[in-house]
Amino acid sequence: MLASMKKVVKRYGEQTVVNHLNLDVIQGEILGLLGPNGAGKSTTINILCGLINADSGDVSLFGQKQNVKNLRVRHELGLVTQDITLFNELTVVENLRYVGGLYGLRSADLNARVDEVLDFIELNDHCKKKPKQLSGGMKRRLNIGCALLHKPKLIIMDEPTVGIDPQSRNHILESVKKLAAQGTTIIYTSHYMEEVQAVCDRIIIMDLGRIIAEGTVDELIKNTGHESTVHLIAISPSPALTQQLESVAGVKQVCLAGNKYTIISNADSGNINRITALAQQYGGIAGITEQARSLEDVFLTLTGKSLREGGGHE
């Protein structure tokens, strides 16, 4: 086991942020870590990285006990932060050289590694630019490059694609797959469910400081698959319509985002006609579809919240 957390607890005042958490990271996997805002993901990552101590429980990384005093394991760990952490007065190549130097790389080894990382993040043509001259996607790629300089065994990527264009997002996702193919273990957090489905071998869903489900995408869908989902785009969404939808026989959950309702019912409830009729009575519909279960549906069922609800930091 590359990393392990056993019965880990972290409190801030009277609030328990991580609640007797048990988590294992298997060598070579891409592990998706999902949860709504406030689920405890960022705190869990900070504990695993040794940035903060747990109040109780056992944390091990690469076979060593992990805490804020254990600086040795950081040479095997890479952290891609959600906030872009670059030196704005240094060029791309100077940022990479500086970070490589912090990890003890020198002379020919440092030069070779900087060249390798520049190739990997495809910023050779921009190596003399400063971060303010780069696009958002390029900054994100440089942020990832800085975490790769020392060839870590484990890379934790915390929301690495926030606020970037689709082309840059695809580049980063392909990079994640390449790193995994090279044997690097990755923990990946994201508010974009399609990213998690695209790259992760196994997924852990957290809420209220605990793990509430884990498995592959297919396993998670199968284990919570006794439901059907209707997506309704209402012309005039309202509390009254929401209440009526919730009262339909077999409906388990109604979630409204903008003018789009997500309605989860018992499997084979045949609710789509009743839902359509109700929506027509309350201003009409712009669109309605019924779909097979997805990871997004699983998440909504387990947590009662949309993954992107609130967005940003916990």
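**Exercise 1. Determine how helices α2 and α3 are oriented to each other, and which residues make their contact.**

Solution. Begin with the geometry: the axes of α2 and helix α3 (residues 107–121) come within 10 Å and cross at roughly 130°, where axes are lines fitted to C-alpha atoms, for helices over the stretch in contact, and angles run from 0 to 180 degrees between N-to-C directions. Helices here are DSSP runs of H or I with at least four residues, and strands are runs of E with at least two, both numbered from the N terminus. Next, classify the angle: under 35 degrees counts as roughly parallel, over 145 as roughly antiparallel, 65 to 115 as roughly perpendicular and the rest as oblique. α2 and α3 are therefore oblique to each other.

Then take the handedness, for which α2 passes α3 in a right-handed crossing; a crossing is right-handed if the near helix is turned clockwise from the far one by less than a right angle, and left-handed if anticlockwise. Finally, list the contact (heavy atoms within 4.5 Å): α2 contributes Val-92, Val-93, Leu-96, Arg-97, Gly-100 and Gly-101, and α3 contributes Leu-110, Asn-111, Val-114, Val-117 and Leu-118. By class, these residues divide into 7 nonpolar, 3 polar and 1 charged, with Ala, Val, Leu, Ile, Met, Phe, Trp, Tyr, Cys and Pro counted as nonpolar, Asp, Glu, Lys and Arg as charged, and the others, Gly among them, as polar.

The model is predicted, so local features need pLDDT of at least 70 and side-chain atom pairs count only at pLDDT 80 or more, whereas totals for chains, interfaces and linings use all residues. Residues are numbered from 1 along each chain as its sequence is written, and side-chain values use heavy atoms, with hydrogens and water left out.

**Exercise 2. Describe the packing of helix α4 against α2 and against α3.**

Solution. Take α2 first: the axes of α2 (residues 92–102) and α4 (residues 136–148) come within 9 Å and cross at roughly 25°, and the two helices are therefore roughly parallel to each other. Their contact is made by Val-92, Asn-95, Leu-96 and Val-99 of α2 together with Leu-142, Gly-145 and Cys-146 of α4, a set with 5 nonpolar, 2 polar and no charged residues.

Turn next to α3, which packs with α4 at an angle of about 145°, the axes being 10 Å apart. This crossing is right-handed, and the contact involves Arg-113, Val-117, Phe-120 and Ile-121 of α3 and Arg-141, Leu-142, Gly-145 and Leu-148 of α4. Its classes are 5 nonpolar, 1 polar and 2 charged.
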